[in-house]
Number of protein chains: 2
Amino acid sequence: MVENPNGHTDGRRIEMYDTTLRDGTQGAEIALTLADKLKLTIALDELGFDYIEGGYPLSNPKDAAYFDKVRDLDLKHARVTAFGMTRRKGIEAKDDPGMQALVASHAPVITIVGKTWDLHVDEVLRVERDENLAMIRDSVAFCHQADTTDEVFYDAEHFFDGYRANPDYALDTLRAAVEGGATRLVLCDTNGGSLPEFISHAVTNVRETLGLGDTLDNPTGPLLAIHVHNDGALAVANSLAAIETGCVQVQGTINGIGERCGNVDLIPIAANLRLKLGYDCLRDDALKGLHHLAMLVYEMVGMTPVAGQPYVGANAFTHKGGMHVHAVQRIAHSYEHIEPDAVGNQRRVLVSELAGASNIAAQVGAKFGIADDRDVQRKVLEKIQDLEHQGYQFEAADASLELMVYEALGKRPAFWELGHYRCVILKRQRDEETSTEGTVKLNVDGTTEYRVAEGDGPVNALYQALIKCLADHYPEVRTIHLSDYKVRVVNPTAETAARVRVVIEFRYTAEDGSTRVFSTVGVDENIVEASWEAISDAFQYLLIETRAGITV
Amino acid sequence: MVENPNGHTDGRRIEMYDTTLRDGTQGAEIALTLADKLKLTIALDELGFDYIEGGYPLSNPKDAAYFDKVRDLDLKHARVTAFGMTRRKGIEAKDDPGMQALVASHAPVITIVGKTWDLHVDEVLRVERDENLAMIRDSVAFCHQADTTDEVFYDAEHFFDGYRANPDYALDTLRAAVEGGATRLVLCDTNGGSLPEFISHAVTNVRETLGLGDTLDNPTGPLLAIHVHNDGALAVANSLAAIETGCVQVQGTINGIGERCGNVDLIPIAANLRLKLGYDCLRDDALKGLHHLAMLVYEMVGMTPVAGQPYVGANAFTHKGGMHVHAVQRIAHSYEHIEPDAVGNQRRVLVSELAGASNIAAQVGAKFGIADDRDVQRKVLEKIQDLEHQGYQFEAADASLELMVYEALGKRPAFWELGHYRCVILKRQRDEETSTEGTVKLNVDGTTEYRVAEGDGPVNALYQALIKCLADHYPEVRTIHLSDYKVRVVNPTAETAARVRVVIEFRYTAEDGSTRVFSTVGVDENIVEASWEAISDAFQYLLIETRAGITV
C-alpha cells in the first residue's frame, strides 16, 4: 500500500473564513436580503465556521443594518467580520468615513483591504508608495483602537501579481500591516490567475522572510491566510497549496459564488481538508451539513444548483452506464471517492441508452416486480434505445419511463380515448394580442367530453381544455400543477421541421398531504403535439398513482 | 520580478485527446445526435485536437453509425478513436463481440480500457489476476492486427486507486499493455478523488519504473497520458500535475461534461498549458476558438452555459459597476489574468450606462454612423435594457439588434402590413399524424396577399405561408434558409403561461455568391407569436440588406 504523500495526519487546525455575504455578492446577478444574510450567518455558525464576513458597512445601508441586527444573534462560535478599505490618502484614519463606518459596525473582527501591487499604487490609487504603506499601517492600527474589535486582518489585494512584479514592495506592505497590529495577513489572488506551484513558492517565501509560524499555537500573532478566485480553474488546488505551505486560514464562499469565475468554493475545501488531508476544520459533524448548506445558498441567491458540483451536486454520486451499475451496487466504495452520506449527499442510478438492463432493474425493478425478469428488462431497454434514437430522454422523465414499463408489460390502462384536439392561434394587427383557443374531444368512460379553453399559448390552451374534459370523472386532475417546462430542438441543423423534445415537470398533493413531483417527455416535429404527449402522459401517470387496482 | 516556477518555456508538445463524444455523454441528461457528433468532430479538428474519441461501437447503434459516417469527413489533423473494453475472460480476443466491433469500426486509433485495481479484478471482473493481465495483453495486441488501426492506447481504469492499493500489480497491468503494443498508457483517476501531490508522485514513479520518456520525440513508443474526473474539484490541477511530471497527453471533455462531477474541462487545460505554462498544444491560433467551441457544446447538449466557467464563461471577464470600472478601462490587464480576446471571450462591464452605450457604439456604431451620437446610443441602450428585462437577448440576435437601431433612428422600413395570421393544429386519433395549417394575410405594396400552407409544425406552416405572400414582390425571400432554431423558457417557475424566447438563425446566398448568416429573436407567452416575430424580423432584415436605398 502506497502512502498518499498528501496524507498528513498531524490534525493541524485551519480557520474557515466565509465571505459569501460580502465577496460572494459581488457576483453578477447575486443579491441577498438582510433576512437571508442573518439566516445564512446562523447556518454557517451551526457548522463551525470561524469567521463570517458580513459586509462592507460603508457601501450600502443593508450592510450597515446587518451589523446592527447580527449582534442580537446568539452565535456559538463564529466571529462576525466587517470589511473595508484603507483610509484615503493624506488624511488621518479617524477622519475617514470608511474607517468610521467600520468602527461603528462594532464588529469583533475587522478586515482591511489595501494595495500590494506597485502598479496599482501608482496607477489606480495614485499615491506615493510610502504613503500607501502608511495608509495600511494607520488603518489597521486605528481599527485596533476600537473597544469592540479585538482582531484586525489585512487583505493584501492582488498579492500574487504584486509579489511577482515587485516582491520587495509587496513584502513591505505586509510588514506595514504587521506594524499596525494585523493578526492575519491574507494573501489574495484577486485576479484568480495564479498556478499552485507559484502559490506554494510565494507562501513559503513570505512565511520564511517575515518569520511567521504555520500553526494556530499563538493565534493572536501574525499568521498567513489565503483568498483566491477561480479564473484559471485552480482555486481549490491553489488554496490547498497555500495551506500545505503554511497558511492557517482559508477564505472563500459557499458554492464558489463571486465575481467573474467566483471565489474558491469552501464546500470542496472543507471536504478535502477533513476527508483527504486530515486537517481539523469546522465542527466534527459539520461535513454532513455541507449538502444542506450548499442548497440553502443556491435557494437564497436564486441560482439553479450546479448538478456536477463536487461533493454536493445532484450528480456527484450519480451512476450511468450499464456495465458499472451492477458492480456499484455490490462494492459502491470502489466507484466513489467518498461515501455520499459523509457530506449529506446520496447515490443515484440513472437510465439511458448507454445503460444495460441492470440499470432498469435498479430504477424500476422493485416497483414493478421485474427485478429478476430479464426478458421484460430487455424489452424495455430496446424500447428506450429506440425512443432515445428518436430524440426522447427518460433520465429527467421518470413518469414517462414508468408508463413505458406498463406498456411493455401490457398493463398500461386507458383512462380515455382521444377523439381529436384542435388548437387555433390567431393574430390580427401587429400590436394586438394573439388569441389562442384549444378544443379537446375525448371519450371518457363511455361519455363524450368536448371542451374548449383559451390559453396564453397553444400548450396552455390544450392543457386547460383537457382538464375540463377530465375533471368530472377524475377530480384529482385539478390538484396537478405544471411547475417547469423545457423545450429543446433535437436536431437543430434541420429546417423549421426539426423535432422538438418537451420535458414537463408536474407537482400534485397526494392524499396524505405530501407534495409529489414527476416529469414526462414528448417528442415530435410539432411542438404542440410533443407538449400534448407530455401532458397526456402526466394525467395518465397521475391517475395510475391515485387510482388503486393497477398491479403488475 | 520573481520568476514563476511554473513558467516552463521549453515548448514541449502535449497531445489533446477529446472524449466529449464518449465519456462526456456518460453525464446525466447528456445525449448527442449523430449529426451533432459529426459537427463537433469537425469543430474539434479545426482547432487542432489530436484525438477524438467517437464512441463505444458495441454499446449502441448510434456509436457504430458514427464510425461509418466519420470516414466521409475530410479531417485535417485529428485521428478518430474507438473505445472498448478488454476481451472477456476465457476466450480469444478474435471471438469477442466487443473486439470485433472495435475492429469493424475501422478507426485509425483504438483505446482499450482494462482493470488496474486488484479489488476490481477480484470482485467485479472475478477473474484470476494473471488472466486479467492476459486479457489486457491480448486485447491490445489483437487491435494492432487490424489493417486500419495503427495506434492502440491503453486506459488503465482506476489507476490511482489501484496503484495506492497494490502498486506492483498496477504496474504489471501497464507492462501487459506495453507487451501488447500500447503506445499510450492512460493513467485514469476514474473516481476523481486523488490530489495533485499524489498524482505527481505516482506519475513520476511509473515513468521511472517503466523507463518511459516524457516527450513526443519518439511518438510511437509507449508514453504516459492522464485522464481525470473532477470529484474533488481538482481535475485541472491534477491534469497539470501529471503533465508537469511527464505525461504527454491529456484526455478530457469540452466544458468538463461527463459522469458525476464531470471529466476535466479541456478549455482551461488548453488555455493554462499555452498561456501560463508555455506548452505547445492545439493549433497556434486555436485558443481564440475556445469560446465558440464551448458554446457549441452547450448548445448541442442543451445545457445552459455556466456563466462563471473559467476563460469562456459570460462572466469570466465581467466587471461590476462602481469604482473599479474606470480603472478597468484604463489598465484592464491589471484586473484580468489574461486578455479576454485571447480565448475568444470579451470584457463586460455591468450596470454602467456609459459603458453600455459604448458597447452599442462598438457593435453597431460604425455601420450606422452613430459612433459619436450619444443621444441615439442612449435611446438604443434604454430600449435594450427594457427588452432584456422582458426576456429578450440580443447577443445571439445581431439582425434584431440592427432592426432596433433602425427603429430608434426612425428609419425602419415597412415592407408589408400584417392583416392577420392564423395557425390551426389538428390531431385526430392517437396514432394519426398531426395536421398543421398556417394562413397569412398581408398588405404588400398596396396588394393584398392571402396565402395558406401546411407545415410540420406551427412555425414551419406560418413560415411557408409568409414566403408565399412575399415571393412575387421580393423573390429573394426564397433564397433564405432557416438553419437553427432555439427555444428557451425565460421564467420557468411560472405555469404553462411562462414566456419563451425563440432565437432563429438564417442563411442566405448574397448576390456575390457568398453565404451570409444572421439571427433574430422573439419573446412572447405564446411560442407561435415569439417565432413569428423572429421570422418577420428575418425577412425584414434580409430585404434591408438586399434592397439598396436605405441609408441612415
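Predicted model: local features only at pLDDT ≥ 70, side-chain atom pairs only at ≥ 80, totals over all residues.
A residue counts as buried here if 20 or more other C-beta atoms lie within 10 Å of its own.

**Chain A at a glance**

Chain A contains 17 helices and 16 strands. Its C-alpha trace spans about 90 × 70 × 50 Å along the principal axes. Of its 552 residues, 55% count as buried. Among contacts in chain A with a separation of 6 or more, 68% join residues 24 or more positions apart.

**A covered strand**

Which strands pair with strand 4 of chain A? One is strand 3 (residues 79-85) of chain A, which runs parallel to strand 4 over five bridges. Within that pairing, A:Ala82 has A:Ile110 as its bridge partner. Another is strand 5 (residues 151-157) of chain A, also parallel, joined to strand 4 by seven bridges. There, A:Ile112 has A:Tyr154 as its bridge partner.

**A covered helix**

Helix 10 (residues 266-276) of chain A is also mostly covered, with nine of its 11 residues buried. The buried residues include A:Leu266, A:Ile269 and A:Leu273, and A:Asn272 and A:Lys276 are among them too. The cover over these residues includes strand 1 (15-18), helix 9 (235-244), strand 8 (249-252) and helix 11 (290-301) of chain A. After helix 10 of chain A comes A:Gly278, with a positive phi near 70°.

**Where the two chains meet**

The contact between the chains draws 107 residues from chain A and 102 residues from chain B. On the chain B side, strand 11 (residues 417-428) gives the largest share, 10 residues. That side of chain B is made up of 48 nonpolar, 32 polar and 22 charged residues.

Strand 11 of chain A (residues 417-428) pairs with strand 11 of chain B in the antiparallel sense, over nine bridges. In this pairing A:Val424 stands opposite B:Val424. The two strands belong to an open sheet of six strands in the order 13(A)-12(A)-11(A)-11(B)-12(B)-13(B), with antiparallel pairing. Strand 13 (447-454) of chain A and strand 13 (447-454) of chain B stand at the edges, each with a single partner strand, so one side of each has no neighbour in the sheet. On average, neighbouring strands of this sheet are turned by 10° against each other, direction ignored.

Within chain B, strand 11 is joined to strand 12 (residues 435-444) by nine antiparallel bridges. B:Leu426 stands opposite B:Ser435 in that strand 12. Helix 16 (residues 458-471) of chain B lies across strand 11 of chain A together with strand 11, strand 12 and strand 13 of chain B, and runs at about 35° to strand 12 of chain B.

Here are the strand pairings with their bridges:

| Strands | Sense | Bridges |
|---|---|---|
| Strand 3 and strand 4 of chain A | parallel | five bridges |
| Strand 4 and strand 5 of chain A | parallel | seven bridges |
| Strand 11 of chain A and strand 11 of chain B | antiparallel | nine bridges |
| Strand 11 and strand 12 of chain B | antiparallel | nine bridges |

**A leucine in helix 4 of chain B**

B:Leu119 is found in helix 4 (residues 118-125) of chain B. Is B:Leu119 buried or partly exposed? B:Leu119 has 17 other C-beta atoms within 10 Å, so this residue is partly exposed. Leaving aside neighbours within four places in sequence, B:Leu119 is in contact with A:Ser334 and B:Ala165.

**Two crossing helices in chain B**

Helix 15 (residues 398-408) and helix 17 (residues 527-546) of chain B have axes that come within 10 Å and cross at roughly 70°. Helix 15 of chain B is therefore roughly perpendicular to helix 17 of chain B. From helix 15 of chain B, B:Ala399, B:Ser400, B:Glu402 and B:Leu403 meet B:Asp537, B:Ala538, B:Gln540 and B:Tyr541 in helix 17 of chain B. By class, this contact has four nonpolar, two polar and two charged residues.

Key. Residues numbered from 1 in each chain as written. Chains lettered and ligands numbered in written order. Contact = placed C-beta atoms within 7 Å. Helix = DSSP H or I, 4+ residues; strand = E, 2+ residues; numbered from the N terminus. Nonpolar A, V, L, I, M, F, W, Y, C, P; charged D, E, K, R; others polar. Pairing = 2+ DSSP bridges. Buried ≥ 20, exposed ≤ 12 C-beta atoms within 10 Å, placed from the backbone. Axes fitted to C-alpha atoms, helices over the stretch in contact; angles between N-to-C directions. Parallel < 35°, antiparallel > 145°, perpendicular 65-115°, else oblique.
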